[in-house]
Amino acid sequence: MSECGGRDGGSSSSDDAEDAGGGGGGGGGPAGSGSLSPAPASSEGRLRRGLRGASLMARRRPELLCGAVALGCALLLALKFTCSRAKDVIIPAKPPVSFFSSRSPVLDLFQGQLDYAEHARQDSEVVLLFFYAPWCGQSIAARAEIEHAASQLSDQVLFVAVNCWWNQGKCRKQKHFFYFPVIHLYHRSFGPIEYKGPMSAVYIEKFIRRVMKPLLYIPSQSELLDFLSNYEPGVLGYFEFSGSPQPPGYLTFFASALHSLKKDYLGTVRFGVITNKHLAKLVSLVHSGSVYLHRHFNTSLVFPREVMNFTAENIYKWASENQELLFRWLRPHGGKSLLLNNELKKGPALFLFIPFDPLAKRHPLLDEITQVALEYNNCHRDQVVERLLQHLRRVDMPGLQSLAPEPLAPLPDTQLRPSSPCCNTVVLPQGHTFSRTHNVCELCVNQTVGGTKPSSVSMPHCSFFEMAAALDSFYLKEQTFYHVASGSMECSNFLTSYSPFSYCTACCRTIHHGMVGFVDSEQEAFETPAVAFSPLEKCEAATPSPVPHIEENRYLFPEVGLASTAFTGLSCRTNKTLNIYLLDSNLFWLYAERLGAPSSTRVKEFATIVDVKEESHYVLDPKQALMKFTLESFIQNFSVLYSPLKRHLIGSNSAQFPSQHLITEVTTDTFWEVVLRKQDVLLLYYAPWCGFCPSLNHIFIQLARLLPGDILTVARIDVSQNDLPWEFMVDRLPTILFFPCNRKDLSVKYPGDLPITLPNLLRFILHHSDPASAPQNLANPQECLQSEVALKQGHMAHLEREMQRLRAERGSLQRAQVQVEGRLSQARRDGRRLLRQQQNLERQHSLLRRHSQQLQALYAQKARELQDLAAHSETLSENNTWLKVLMATMERHLEGQDQAENPAPPGETHPDPPKPPGAPHLPGGSSPSSSTSATLAPERKNENRTD
């Protein structure tokens with residue numbers, strides 16, 4: 001027993017299972033005390049033992065190591081082969097489906113069968129090929145438009161749709177399109193003619209009809225006038241069909257019409273055919289096969305066969321190089337197109353947005369615009385143009401003798417011929433040097449030197465340009481009246497700067513702003529007594545009309561007055577010649593809204609003039625109908641030297657701050673009401689991107705609190721969102737302007753080299769402020785000085801009171817500052833105290849953490865000791881059991897000896913049973929009896945149950 005226990009207790013490096021089986025010394029404490037050793041193997045130790053076991057296994061059986069290496073190499077090769085093949089695995093594309101419905105009149109080749117499309121094209125006269133991609137959103141949007149056009153023309157045109165995105169189709173392999181959808185048209189063997197216009201059914205149908213009938217047959221004189229009076233350039237060909245069904249050159253002329261559609265998808269040049277020799281003579285065509293290019297203002301041309309070969313390309317090139325455009329249609333591509341920008345660089349532009357239907361036979365509004373363009377550019381009063389204008393007006397006229405170009409007659413020198421006297425009333429612009437003494441004048445043209453005053457005789461109104469010339473000369477001679485400061489009517493005569501034979505008479509006077517309503521009765525205004533101009537008691541003024549303004553009452557009634565001779569040839573008599581552009585408002589109304597059109601309107605008609613060089617933008621009043629008369633007046637008002645048009649300004653919808661704030665937020669709409677009508681105004685120009693501007697807000701807030709609101713208005717305006725007239729714009733930010741009361745035209749800019757502080761702003765305002773409370777009509781200068789001094793003293797007293805109040809506030813603020821500083825110092829001390837406490841707690845926490853670690857180590861050691869004690873107790877219990885067995889055996893043995901001393905009768909002796917293996921060897925060589933075995937059985941069961 002002592003040998004087994006000693007072997008177990010001496011094994012200090014065995015694992016936990018061996019220690020649980022027996023670890024203490026046999027029979028006593030000294031042998032078991034050696035089990036209190038450090039913790040056995042950790043995870044690192046177990047790994048080391050595992051590796052040691054594997055190495056021993058590999059040494060004993062090397063074939064296992066070779067098999068493991070071979071298996072690992074096989075796995076690596078399989079993984080590499082699988083990854084190299086993964087990039088070549090492509091999921092096959094889904095088969096295409098039909099793009100158009102089965103009931104659609106469009107033949108859908110959704111598998112890209114381009115060869116079938118080419119075969120079908122040979123059997124039809126006109127074919128439309130629609131190349132699409134199923135994923136393309138524009139192709140999907142154009143599908144309904146193509147179907148609508150096909151429903152109208154399916155009996156005359158073959159519509160074929162080809163999927164040019166299917167990778168297995170021939171279309172994808174043969175065609176290399178960079179965009180979708182693509183529309184190609186074929187007229188028999190001629191083509192392809194690519195359509196690049198709007199993806200709208202009406203425009204597509206119009207283009208297809210132009211391809212179907214590229215030549216317009218002209219059988220009568222009225223249709224000839226319709227053709228020549230159209231706004232598009234026209235090319236006429238004269239061919240006699242009496243001798244042969246296809247005269248020489250006819251097919252070439254036909255091909256030239258198709259070639260023009262191929263080069264210009266807008267179809268700008270129109271081609272017509274004349275077969276009547278009497279009609280051909282009207283356009284100077286005598287020989288069959290002649291080609292005529294009609295031009296409205298320049299000399300029309302006949303194709304020079306002796307210089308150029310008669311081919312389709314040459315005819316189109318000759319027509320496109322020599323064509324004459326009245327106006328041009330614009331069709332921008334997308335919302336970020338640069339087309340408008342490129343056209344605006346050419347000069348002032350008139351943009352007309354009208355709803356246009358390409359399939360309509362008549363366009364009344366377009367005819368009126370054509371009349372305006374013809375009259376505007378008819379500088380030489382050409383008779384052919386006059387006849388075309390009469391045809392557009394649907395005026396009956398006698399039979400035409402000829403429409404051939406006539407030699408240009410010299411312009412009549414109307415300036416050298418004296419005309420009858422005429423007069424007009426003119427309102428002078430505010431702020432002008434002359435208007436400081438007078439504000440209303442009556443200008444008369446061709447009055448005799450020293451003639452009668454306009455009020456004494458009734459005169460007809462002058463034409464627009466006669467009055468413009470007189471007004472220009474009047475401003476050049478304004479020094480004649482500058483020295484006049486009285487309120488009476490003053491008259492003077494002067495020569496016009498345009499002609500030495502034209503005299504002008506100007507009679508000027510001053511009219512109070514409350515009497516500006518003299519427009520309705522001009523004579524009564526000049527017969528009223530003179531009223532001298534005086535400053536207004538309140539800083540308010542009526543809303544000014546666009547000035548200088550020529551009062552022509554005949555414009556209120558277009559049917560009354562002179563004919564529109566002043567408008568004819570206007571483009572040649574002004575330096576601001578307009579280029580006219582048309583846009584379809586059904587497609588491009590977004591551009592109109594950006595140019596100032598209302599977003600919600602019932603009729604989408606809009607006109608605007610944009611002059612990039614002058615940075616001006618004018619908008620025709622949306623309340624006026626877009627018609628010939630309004631367009632002429634709009635163009636005339638723009639062309640005059642001093643245009644009465646009001647520049648269109650873009651402003652924000654609402655102010656950023658409500659009215660109860662100290663600083664008033666000014667917008668484009670409220671600028672006149674806030675700045676030019678109220679009392680003294682200090683205006684700050686700023687922008688959100690200006691980094692220095694927000695630093696001035698507290699200064700302006702202090703200024704607004706310091707000065708009462710009935711004396712000064714502190715305002716600001718965001719110039720990045722609000723446009724202003726040129727005289728009120730600035731070139732740097734931030735900028736401060738001061739508008740004094742009653743003297744708004746004498747606004748003052750804050751010096752840029754002076755720091756923007758509250759005292760500097762106060763000095764600036766006091767220096768330039770207007771004495772609003774002073775008497776208005778003081779004749780004694782001494783009284784004026786005294787009143788001004790009294791006013792300044794009142795201002796100083798008010799400022800002194802405000803300064804005293806500010807000093808008191810400053811003292812209270814200083815006391816509050818001292819209190820706050822004391823509280824801050826106490827808070828700093830508390831903070832330092834808390835910091836020290838925090839450091840002490842951290843040290844205690846670290847000590848407790850180390851103590852906890854020591855307790856944990858001690859707990860682990862005691863646990864190991866308890867495990868060792870449990871193992872020793874098990875060993876001792878086992879030894880105790882064996883001792884009990886030995887004691888029982890010895891007792892039995894002793895009883896046997898006693899029985900042996902008292903021998904039993906013969907026959908009762910039994911042979912000794914065999915010894916059980918492992919039984920203890922007793923002295924004397926005797927073994928325990930069967931009763932002893934029976935006695936040991938329950939002990940062993942109890943031992944097993946205990947285990």
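Which residues does Leu279 touch, not counting residues up to four places away in sequence? Let's start there. This is a predicted model, so keep that in mind throughout. Leu279 touches Ile218, Pro219, Ser220, Gln221, Leu224 and Ile274. Leu279 itself is found in helix H12, residues 277-282. Its relative accessible area is 7%, and that is under 20%, so Leu279 is buried. Look at Leu224 in that list of contacts. Leu224 and Leu279 are 55 residues apart along the chain, yet their C-alpha atoms are separated by 8.0 Å.

Now the whole chain. There are 947 residues, and 37% of them count as buried. The secondary structure comes to 26 helices and 25 strands. What about contacts with a separation of 6 or more? Residues 24 or more positions apart account for 70% of those.

Another buried residue, then: Ser139. Ser139 sits in helix H7, residues 137-153. Its relative accessible area is 0%. What is Ser139 in contact with, leaving aside neighbours within four places in sequence? The answer is Phe99, Phe130, Tyr132, Ala133, Phe180 and Pro181.

Next, helix packing. Two packed helices are described by the angle between their axes and the distance between the axes. I have two pairs to show.

Pair one is H11 with H13. H11 covers residues 250-263, and H13 covers residues 312-322. The angle is about 60°, and the axes are 8 Å apart. Why call this pair oblique? Roughly parallel needs an angle under 35 degrees, and roughly perpendicular runs from 65 to 115, so H11 and H13 come out as oblique to each other. The crossing is right-handed. On the H11 side, the contact uses Thr252, Phe253, Ala255, Ser256, His259, Ser260 and Lys263. On the H13 side, look for Ala312, Glu313, Ile315 and Tyr316. By class, that contact has 5 nonpolar, 4 polar and 2 charged residues.

Pair two is H15 with H16. H15 is residues 364-377, and H16 is residues 383-392. They pack at about 160°, with axes 10 Å apart. An angle over 145 counts as roughly antiparallel, so that is how H15 and H16 are classed. H15 and H16 cross in a left-handed sense. H15 contributes Asp367, Thr370, Gln371, Leu374 and Glu375 to the contact. H16 contributes Val385, Leu389 and Leu392. The tally for this contact is 4 nonpolar, 2 polar and 2 charged.

Hold on to Glu375, because we come back to it among the salt bridges, in a network with Arg393, Lys628 and Glu632.

So, on to charge. Side chains of opposite charge can pair when their charged atoms come close. How many salt bridges does the model have? The count comes to 17. I'll walk through three of them, then the network.

First on my list, Arg188 with Glu125. The closest N and O atoms are 3.3 Å apart. Arg188 lies in the loop between strand S4 (182-187) and strand S5 (190-195). Glu125 lies in the loop between helix H6 (114-122) and strand S2 (126-132). The pair therefore ties together parts that are 63 residues apart in sequence. Buried or exposed? Arg188 is exposed, at 53% relative accessible area. Glu125 is partly exposed, at 41%.

Next, Arg209 with Glu205. The closest N and O atoms here are 3.0 Å apart. Both residues lie in helix H9, residues 201-212. They are 4 residues apart, about one turn of the helix. Arg209 is partly exposed, with a relative accessible area of 36%. Glu205 is buried, at 5%.

Then Glu343 with Lys346. Their closest N and O atoms are 3.1 Å apart. Glu343 is buried, with a relative accessible area of 4%. Lys346 is exposed, at 54%.

Last, the network. Which residues are linked in it? Salt bridges link Glu375, Arg393, Lys628 and Glu632.

To recap briefly. Leu279 is buried in the predicted model, at 7% relative accessible area. H11 and H13 are oblique to each other. H15 and H16 are roughly antiparallel. And the salt bridges come to 17. That's my set.

Technical notes: Residues numbered from 1 in each chain as written. Predicted model: local features only at pLDDT ≥ 70, side-chain atom pairs only at ≥ 80, totals over all residues. Heavy atoms only, no water. Axes fitted to C-alpha atoms, helices over the stretch in contact; angles between N-to-C directions. Left-handed = near helix turned anticlockwise from the far one by under 90°. Contact = heavy atoms within 4.5 Å. Nonpolar A, V, L, I, M, F, W, Y, C, P; charged D, E, K, R; others polar. Salt bridge = Lys/Arg side-chain N within 4 Å of Asp/Glu carboxyl O. Buried < 20%, exposed > 50% of the residue type's maximum accessible area, 1.4 Å probe, protein only.
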